[in-house]
Amino acid sequence: MHPGRWILLAGLLGLGPAAGAPLFAGPEGSPPPAAHHWSFEAVRESPIPETRDSRWPLNSIDRFILARLEAEGLTPSPSATRAEWLRRVTLDLTGIPPQPSELDAFINSTDPAAEVRVVDRLLASPRYGERWAQHWLDVVRYADTHGFEVNTERPNAWPYRDYVIRAFSRDTPYGRFVREQLCGDLLGEDAATGFLVTASVLLPGQIGKDEPSIRLARQDSLDEIVVNTGQTFLGLSIGCARCHDHKFDPVSQREYYAMQAFFAGVEYGERDLHDPDSEARRAEAVRVADRIAALQRQITRHVPAARSETNRVCVNGRLNIERFQPVAARRVRFTIRETNSLEPCLDEIEVLDPEDRNVAAASEGTRATSSGDTVVPDRHELRHIHDGRYGNSRSWMSNEKGRGWIVLEFPKEHIVDRVLWGRDREGQFDDRLATDYRVEVAVDGGDWICVADSSDRTRFLAGTTPPDPFSIVAPEAAPTLRERRRLEATAKELDGGQRAFAGLFRAPDTTHMLRRGDPEQPGEEVQPGVPAVLGLCHVPGDANESARRTALAQWLTDPRNPLTGRVWVNRIWQGHFGAGLVPTPSDFGRNGVRPTHPELLDWLAGEFQRSGESTKHLHRLIVLSATYRQSSRGNPVALSRDAESRLLWRFPSRRMEAESLRDAMLSAAGNLNAAMYGPGFDLFDLRGGLSGFKPVESFPVSGLRRMVYAHKVRREPEAVFGAFDCPDAGQSTPRRRESTTPIQALNLFNSTFTAEQSAAFARRIRQEAGDDPTRQVRLAYRIALGREPAPGELADARDAVARLGAEPLCRALFNSSEFLFLP
């Protein structure tokens, strides 16, 4: 078997190293040198430590934490109240506060496993996947525009976002999750490879046409893939070695380009999504298109001949019918002498016999030749001139401005009486339209005979709308015409199935080391490979494109890889405590910060492997630990020793992320639209472009979905919640800042969004609590803060509600620190 195929097969089947997967051992079977840095060494699990206090720990995590606290002379904080823990864990796992009914059920429960049941319920909720997908999307810098100065819309990026949400919800084993994002096209998860192309990119029409500009843009796009892969999965800044050897980590410039070679056949772009729903829609679209074509051929019997002086019509960009007396033909030639602009483009040429059969179809054995082609793969090719599929994306374009010809040669002679042609049968384009043309036929060995000429038609006039050629059909064709129009409406709804901005794959380019990172200074050829400090990844030099990605995916997810598991469990830990055991989550190299609890980090990585790489298992361990259940209240002695709570002597409270804040407000107001998946809702009046984005202030119902479903414009912060350190997807955000600024308070108090949700919140409590101000205040506190108001709070708020109504109270609660922060 070809070695590249063996690597591909081994990777897809998830085979271990003994079965041919990449190896971590050196040439003699010994481990590679660790370069004297902790993260490059193999994961080593230490014994779970003994502690003096044997009653506080609830699981192994607690014993690691407590052992360090005891060594530092510190003690854990008391446990949070049941209400505080429920609010904390619900916000943490779902990003939405608990409902009063959930709070009552938990507080009043006598079930010793009540906490376990809560956690299982939250992890099974669809809201969990939406919440934790956002952490991942921050790291991979997901957005719905292309970025840079032009920042055009990336309309089909969202299938990748939806894939990530689904992967978290179904607890896809992390190794599988990684492999799908590198080679999901081979694993039945087409949208997953959107990971490869999440970064900013300049598309072909947005860069210079000179070769140096094209080469530089290509290098920049490949660099983004290498950077994304290195920092996301390995926690390494491999991209720093693009122009020279890495200044801190043992990654050479040659190894950078070896990593780049894995992606030498990856292009930024969108492709058809091959999920079951899209495939079914495409099959139905083909059936509908075939029926429309058949109906059109029937209707053309009832269209008057083009040469009739009483029925002269404009040239139509969508469809033109050249009807003539039946004539014998073996060949048909369509000659274009002039267009309304640029090189001519033809969607489909059909030649019909008196029985409405298209004898020019490729499926009939007809051969097409031309004067010359402008080829754009899978869009403009000669084969599309008679492939039976309509639309600009399947058309022929000449290589000469204003002219060109097509010859269709049948396998045998036919009697024909009509030629159907158009610029774009779907009616989207009318440029490049033939305005001066001739249709000729010929038999074997015979001369060309003209059967239709544009001199019999009124010239197309720019700015005019030509009539539908079927508007002059005879009355007996009306039922057929109505069916055609109905099916055309159906075809628009089907739209050919979903596409995804998930990368295009082709034969890989040869990769060279570039002196100083300059594409104009190529050096020696480089084969796919990984940094030697992390082991070996055997890939033959002639491995095809998919084999390269598969080999890298298998190497990344090999249990012996010292970084992949550590990096992931650290990200999950950070999601719960605000900071990872390694505070630099995407830099495990020498320039990063060492772990506060290295033994715990390695134990978690080992436990993660033993669980089958279940992310939900990690969540359960963490949120059910005594460490997580601690109160967030301060302790003067501990604060003087560990002000940032890095040793976890208390739960480190933190503000909700921007998305959770918006979602929590909608939930409290009773306005949260729970619709999942699909294209994002608009935050601005534009979905992409250079500048001038006007924020949407008052959202329709579709805009009240969770913020993870917003159409994210790269480098354009959301008008209200962008101030709360919401990433703009210009760069990876492995850990969000937590700033405090005046604009946050101004936005949250004065925005139209806050005003509308405060009013909706007030309506909700009036409906559920009635007109009694005391009941309204109590319910508002329980919904917004997850607790009953204190006596003083109740008295003050009751008087305010009685005088001013509930809306000011609701706005004040939305702006309170207690609402904004995890308890």
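Visitor: Is Cys345 buried or exposed?
Guide: Cys345 is buried, at a relative accessible area of 1%. Buried means under 20% relative accessible area, exposed over 50%, partly exposed in between (1.4 Å probe, protein chains only).

Visitor: And Cys726, buried or exposed?
Guide: Cys726 is buried too, with 12% relative accessibility.

Visitor: How many disulfides are there?
Guide: The search of the whole structure gives 0 disulfides. A disulfide here is a pair of cysteine sulfur atoms within 2.5 Å.

Visitor: What are the ground rules?
Guide: This is a predicted model: local features need pLDDT of at least 70, side-chain atom pairs count only at pLDDT 80 or more, and totals for chains, interfaces and linings use all residues. Residues are numbered from 1 along each chain as its sequence is written, and side-chain values use heavy atoms, leaving out hydrogens and water.

Visitor: What does the protein chain average in pLDDT?
Guide: The average is 89, and 90% of the residues score at least 70. pLDDT is the predictor's confidence in each residue, from 0 to 100.

Visitor: Where does pLDDT stay under 50?
Guide: Residues 1-34 do that, with 72 contacts beyond four places in sequence. Contact means heavy atoms within 4.5 Å. Residues 305-312 are also below 50. Where pLDDT is low, the predicted coordinates should not be read in detail.
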